[in-house]
Amino acid sequence: MRVPRIILLSILAAAAVAAPAQPQDEEFARLVKEWTTRAEFLNPLVDHLPRAAGVPSPKDVLGYYAGAPKKLTHVADLNRYYRALAAASKRVKVIPAGMTDEGRECLVVAISDEDTIGRLDTYKGYLARLADPRGLDPAEARRIIAQAKPIYMFTGGLHSAETGPPEMLMELAYRLAVEESPLYEQIRRNVIVMLTAAAEPDGRDRYTDWYYRHKINEESEQDRVPGPPYWGKYIFHDNNRDINYSQVTMRNWLKFYMEWHPPILHDLHESEPFLYTFSGQAPQNPTLDPILYAELPWFANFEMTKMIGYGMPGVWTHAFVDMWSPGYLGFMSSNHNGMLRMYETFGNGGANTMKRTIDAPEGGGAPDGGRGGGMTSREWYRPMPPYKEVVWSMRNNTNYMETGVLAALELTSGFAKTVLENFYHKSRNSIESGSREAPYGYVIPAGQRDMTRVAFMVNILRLQGVEVGRATGAVKLKDETFPAGSFIVKGNQPYGRLAKILLEKQNFPDANLRTYDDTGWTMGLMSHADVKEIGDKALLDVAVEPVDTLTIAGTVKGDGPWLAVLDNGANSLVTLRYRLKDLKFDALEQPFQAGDTELPAGSLLVPASARVKAEIEKLGLQAVALAAAPGVGKHAVDLPRLAVFSTWGSTQDVGWVRYAFDHFEVGYDLIYKERVRQGHLRDSYDVILIPSQGRGGGKSLVLDIEPKGRPIAYTKSTQFPALGEYGESEDITGGMGLEGVVEFEKFVKAGGVLITLGASSFFPAEFGIARTVDAGRPSAQFYAPGPIVEAEILKPNHPIFYGYTQKAVPVRYANGPLLRVPAEEKNKWVLMQFPGTDKSVLSGLMKGVAETRNRPAIVDVPVGAGRVVMFATNPCYRWQNLGEFNMLANSILHFKNYPKPAAPARGE
């Protein structure tokens, strides 16, 4: 008689997995077998659950097991379970990690053996010493490694529609706390496991409410409705692209990481069938330590080996996410000499069981990027592919993910000292490479026109632990001298490699490779600030004073009844105008010499007062007191009635604009299709901004979410309190429609200013609002994943360019429309264009650059009594390109003072 494979595996693994003497939860075993849709999706690691007297399982607290059908857990209940577990077990400790925008708690749970949990601070100290091994001799390092334990940290629920990880992690925590088998004893003895309750708590609650309101009855792929319009307060999927840690919750996790120094951080996601484990494929950032590129496939292959050994299909590696961009949240680990891990486990966007189709779409397109066919093809990196069709459940998701992480913990606990040695060596190598290899560091010169952007860069570096010093005297190097007070970033420090990654030009290694996200992010170019890469080793000996946080104090020179606030490009100039909204401001339209100070065009003129001076100083601005108003052209800077339009289906890039506006205190109304359809927009607003959205062109912006045959409401209620934030709708589907287009056209023709950014600039061209502008698309061969390119300012006297002194400026290429205007109108309407040469690609990759040659980057088109300003760029991208932001701020502040058209535009 042949023994079934799953039974044989259970017999072979029993001794290592489940202690026979430990009581088991028989109901769990029965239900998990029922919820798992195929026998091969279950294995001896997760087919049972031990019982421990006095220690609650998730069901004991919540009333259901992890992976139960149609059950998702709110943040308060996640936290409630973990606190109950910690109260009952000395192997568990709960560590608060800050609060979110909406007042929810970020929570980390630590699990290890009782002695280790009792001495967590001691182990934290060991890891801190290995993270910064300066002054640590090899013998002392070996002694610390012998005593230390690695922290293996899991983050789950960063993307709120990926609902499985927070459920699985509860069960994992319970198993780690109570199971008495040799595997778990080894993990507790050798590793400190840490995990987040939910990495994006606000989004977790919002999505859970949405699931219970709209998705709980989904039975098939055809039934599925979109997710909620919002996860967190501002951004959606980009919470995993917040390279400068702008968002409160992301800063919480960075702060926690910098305090505890986990050598391994494992970010749990959902998308790919059935489980993808990250191996760090090309393109790889060459600045990171080679050890990391050996560790990543080591772990991925071990997990794949274990899971395929259990007979679990669809476990694979390679052919998905690469190691180029440093901007993902989990890369805080590899950026700080740790090891980033990542899974993508198959999920249904909820907790329902449904049939899923996985095979490549008709037409042969490969979902995995074309590397060897579709997702179900057998490849060297996918020896046991997923099925073409599958009935998938939340419990399948839990089984796969939990099996993978237990394999990772098995490997870590078996090679804990190797993990610690590698962590130490990577930290030491960062210091040593900065001492022997050029560049030896970077200088951010003092005395730049706008030091607030210098402060932005310095503070972002400091936030991530990069050491920055202020030169105590003149910096005299072989090829250049910099003034005293310049900021020095030396390479010979633990995070010197991170500094180099953020500050250097990105030279993409192979134009034939594809990458998962941006190819360029150079901080100096993005900020329009001067940063010098230094190849002179003497930089390492420059005397500096350490900088903790850099604050730029503004100055007011002289006395007089008028103050002229210089427009040197500081983003905070718009803040000054909004803070003092009750005062009258004028803007100078030409430069003016006031004594030994030149006042640039765009400088603001305001009556002097103590209040104004105080705000200038707080905001890091420079001002000159004048005896009389300058006798040059000027105009009033009146604040517009400003609206920001968002679709319900694409709020993310709108969220970045909202974040910037809130940060700089720009007042606005956030409006949706409901307000547009009401009409009379000109009665309420002077300027309407449409941030980048609708990547399918103007049609997707107009039609937005496809109707589903029933209303899909996003409204707040007692039952669903997390919904209805940042706007409400009785039905988010359908878009503004053609009636909305008509209302926007009426708004512009009645004298309103319509500003579109990035992909939204398809809209006025394709729907006839700016009918003489064409919006094209590049060829299929064109590929430009977020490079930084040069743009040429053609109309430097236009108010949009107040504060800009160079004819050519760096901008992030946004993959907006390829705009075209009639040849006879180009000199009137085109404000900025792309040179479109190889030389104009400043950082990152643009394949097919010639397709952008002389294409408009910004156009200002008169329409009726109003204007349409179309940015092919996106001057408000992910809190990165602050150097471009003033183009947007100026277009708002000076909305009344665009140059008058010489004649009406054709066709109007």
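Helices (H or I, at least four residues) and strands (E, at least two) are taken here as DSSP runs, numbered from the N terminus. The structure is a predicted model, in which local features need pLDDT of at least 70 and side-chain atom pairs count only at pLDDT 80 or more, while totals for chains, interfaces and linings use all residues. Residues are numbered from 1 along each chain as its sequence is written, and side-chain values use heavy atoms, with hydrogens and water left out.

**The chain as a whole**

The secondary structure of the chain comes to 28 helices and 39 strands. With the radius of gyration taken over C-alpha atoms and the globule rule being 2.2 Å times the number of residues to the power 0.38, the chain has a radius of 29 Å, close to the 29 Å that the rule gives for 908 residues, so it is as compact as a globular protein of that length. The C-alpha trace spans about 100 × 70 × 50 Å along its principal axes. Buried residues, where buried means under 20% relative accessible area, exposed over 50% and partly exposed in between (1.4 Å probe, protein chains only), make up 62% of the 908 residues. If contact is understood as heavy atoms within 4.5 Å, residues 24 or more positions apart account for 80% of the contacts with a separation of 6 or more.

**The eight-stranded sheet**

Strands of a sheet pair through backbone hydrogen bonds, either parallel or antiparallel. Two strands are counted as paired if DSSP finds at least two bridges between them, and on this basis an open sheet of eight strands with mixed pairing has the order β1-β2-β4-β3-β5-β10-β6-β8. The edges are held by β1 (92-99) and β8 (315-317), each with a single partner strand, so one side of each is left without a neighbour in the sheet. From one strand to the next the twist averages 20 degrees, where axes are lines fitted to C-alpha atoms, for helices over the stretch in contact, and angles run from 0 to 180 degrees between N-to-C directions.

Within this sheet, β2 (residues 105-111) and β4 (residues 192-196) pair in the antiparallel sense over four bridges, and the bridge partner of V108 in β4 is T196. Strand β3 (residues 151-156) pairs with β4 in the parallel sense over four bridges, with I151 opposite I192; β3 also pairs in the parallel sense with β5 (residues 264-270), over five bridges, and there F154 has H266 as its bridge partner. Six of the six residues of β3 are buried, so this strand is largely enclosed by the rest of the structure. Helix α4 (residues 75-88) lies across β1, β2 and β4, running at about 145 degrees to β1.

**A helix pair**

Helix α21 (residues 652-664) packs against helix α28 (residues 882-893) at an angle of about 70 degrees, with their axes 12 Å apart. Angles under 35 degrees count as roughly parallel, over 145 as roughly antiparallel, 65 to 115 as roughly perpendicular and the rest as oblique, which makes α21 roughly perpendicular to α28. The contact is made by A660, F661 and F664 of α21 together with F885, L888 and I892 of α28.

**Loop residues and backbone geometry**

G844 is found in the loop between β37 (841-843) and β38 (855-863), and this glycine is buried, with a relative accessible area of 14%. Its C-alpha atom is separated by 5.0 Å from that of Q506, although the two residues are 338 residues apart along the chain. Not counting residues up to four places away in sequence, G844 touches Q506, F508, T519, G520 and P787.

Most residues other than glycine have a negative phi, and most peptide bonds are trans. The table gives departures from both patterns.

| Site | Feature | Value |
|---|---|---|
| P273 to F274 | cis peptide bond | omega near -20 degrees |
| A438 to P439 | cis peptide bond | omega about -5 degrees |
| A319 | positive phi | phi about 60 degrees |
| W879 | positive phi | phi near 55 degrees |

F274 lies in the loop between β5 and β6 (275-277), and P439 in the loop between α15 (416-436) and β13 (441-444). A319 belongs to the loop between β8 and β9 (322-323) and is buried, with a relative accessible area of 0%. W879, in the loop between β39 (866-871) and α28, is likewise buried, with a relative accessible area of 6%.
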